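Reader: I have a model open and want to talk through its fold before I set anything up. Can we go over it together?

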Amino acid sequence: MKVIYNNEFNIDLGLLNYVHPFDGVKFRKIAETLTSSGKVEVVSPDAAVSMDVVDEFLSSIMRHRVRNKNGILQALEVPRVPFIGFSFLDKKVLTPMRWGVAGTLWGAERALENGGIYWNLSGGYHHAAQQNMEGFCIYNDIGICYQQLVSRGLLNAADKILIIDTDAHHGNGNAVTFMDNPSVTLLDIYNASIYPTSEHTRKRVDIPMKLKPGTDGETYLKCLEIALGEIEGDFNLAFVVAGTDVLGSDKLGGLNLQVSDVAKRERRTLVKLQEMNVPAVLTGGGGYSSQSAVAVSNTILSCIDF
């Protein structure tokens, strides 16, 4: 397993970091822990994806919305701040996210070419879609990645893709993005009582596992085993949205997992992918507590044998 990271992943807004619970510089903390261990190979894409690549994925309306300050602030779920302009948001938030998209694409290209597992510390923007951005997700990295892989001839429309979403929130953006694509199988295990509650997108999920608020680690892992057991068929590539907002310390996820449970979750997912011989890219997903960086670091160190 190789870990994908670049310093540009970090979203550092200075004092404005306090207007949103997301720890935008956690990627740096994770990378420092992994590097100091001497056990993990950390690699990086060469550059952020270009806006030309992003625009190719987006609808015509969204091409304008992603360049609009107020639309971006709404999607980031932060109040409108008069003295902040679009250029500030583009430099501090959007460019790091485009680096995150590049990490997912870079990992997928190499997973297809060489096999194996690539873990992108960023990405996992599963609430964004071609025609919408919300839930702190501006660009759908998996959707953009899939489109680029097809256009570059690394995948074709008939190749089978698996998305395993273990973030605490339902991946409505992925559901919309692949709504009419029968080649993509969605497995989504999430807190059914919190955002987003769209039944239209929930119905697109092939293997749903709806959890109750406060679900603990033991119950979560049992439900995950059931869901993983329902995966059928052969797949050319898998994506995993490995959000740490499942932690009990996370104010937005509403679940009650411990740091050790997150490591068990990823290990069980990776064992399943290994059994199916599917190359995969893991993405960061959500994670809004102070324990998020610790959970990711510990999990990766416990899974370095993959």
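Author: One definition to begin with: two strands pair if DSSP finds at least two bridges between them. S4 and S5 meet that, pairing in the parallel sense over 5 bridges. Note that this is a predicted model.

Reader: Which residue stands opposite Leu-162 in that pair?

Author: Thr-185 in S5 stands opposite Leu-162.

Reader: What holds paired strands together in general?

Author: Backbone hydrogen bonds; the pairing can be parallel or antiparallel.

Reader: And what is the order of the strands in the sheet?

Author: The order is S2-S1-S3-S8-S7-S4-S5-S6, an open sheet of 8 strands with parallel pairing. On average, neighbouring strands are turned by 15° against each other, direction ignored.

Reader: How many bridges join S3 to S8?

Author: Strand S3 (residues 117–120) and strand S8 (residues 280–283) run parallel and are joined by 3 bridges. In this pair Tyr-118 stands opposite Val-281 in S8.

Reader: Which strands does H6 touch?

Author: Helix H6 (residues 141–151) packs on the sheet and touches strand S4 (161–165), strand S7 (237–241) and S8. The direction of H6 makes about 165° with that of S7.

Reader: Back to S4. How many of its residues are buried?

Author: 5 of its 5 residues are buried, so S4 is mostly covered, taking buried as under 20% relative accessible area. In a regular strand the side chains alternate between the two faces of the sheet. In S4, Ile-161, Ile-163 and Asp-165 are on one side, Leu-162 and Ile-164 are on the other, and all are buried.

Reader: Switching to backbone geometry. Where is there a cis peptide bond?

Author: Between Tyr-195 and Pro-196, with omega about -10°. Pro-196 lies in the loop between strand S5 (184–191) and helix H8 (199–202). Most peptide bonds are trans, and most residues other than glycine have a negative phi.

Reader: On phi, then: what is the value at Phe-136?

Author: Phe-136 has a positive phi of about 65° although it is not a glycine. Phe-136 sits in the loop between S3 and H6. Asn-277 is another non-glycine residue with a positive phi, near 60°, and its place is in the loop between helix H10 (259–276) and S8.

Reader: Is Phe-136 buried or exposed? And why?

Author: Phe-136 counts as buried because its relative accessible area is 12%, and buried means under 20%. Asn-277 is exposed, with a relative accessible area of 67%, since exposed means over 50%.

Reader: Pockets next. Which residues lie nearest the centre of the largest pocket?

Author: Gly-135, Phe-136, Cys-137, Gly-286 and Tyr-288, out of 27 lining residues. The largest pocket has a volume of about 300 Å³. By class, its lining has 13 nonpolar, 11 polar and 3 charged residues.

Reader: How many cavities are there?

Author: A search of the whole structure finds 3 cavities of 30 Å³ or more. The second largest cavity has a volume of about 70 Å³.

Reader: What lines the second largest cavity?

Author: The lining includes Lys-26, Phe-27, Ile-30, Trp-119 and Val-296. Helix H1 (residues 26–37) gives the largest share, 3 residues. By class, the lining has 6 nonpolar, 4 polar and 1 charged residues.

Reader: Last topic, helix side chains. Where is Tyr-220, and what does it touch?

Author: Tyr-220 lies in helix H9 (residues 217–229). At 0% relative accessibility, Tyr-220 counts as buried. Not counting residues up to four places away in sequence, Tyr-220 touches Thr-166, Ile-189, Leu-211, Thr-215, Val-246, Leu-255, Leu-257 and Arg-265. The C-alpha atoms of Tyr-220 and Ile-189 are separated by 8.7 Å, and these residues are 31 residues apart along the chain.

Reader: And where is Val-271 found?

Author: Val-271 is found in helix H10. With a relative accessible area of 31%, Val-271 is partly exposed. Val-271 and Leu-282 are 11 residues apart along the chain, with their C-alpha atoms separated by 13 Å.

How values were computed: Residues numbered from 1 in each chain as written. Predicted model: local features only at pLDDT ≥ 70, side-chain atom pairs only at ≥ 80, totals over all residues. Heavy atoms only, no water. Helix = DSSP H or I, 4+ residues; strand = E, 2+ residues; numbered from the N terminus. Axes fitted to C-alpha atoms, helices over the stretch in contact; angles between N-to-C directions. Contact = heavy atoms within 4.5 Å. 1 Å grid on protein atoms, 1.4 Å probe; cavity = no way out; pocket = protein on both sides within 12 Å on 5 of 7 lines; lining within 4 Å. Points joined across faces, edges and corners; volume = space filled by probe spheres on them. Nonpolar A, V, L, I, M, F, W, Y, C, P; charged D, E, K, R; others polar. Buried < 20%, exposed > 50% of the residue type's maximum accessible area, 1.4 Å probe, protein only.
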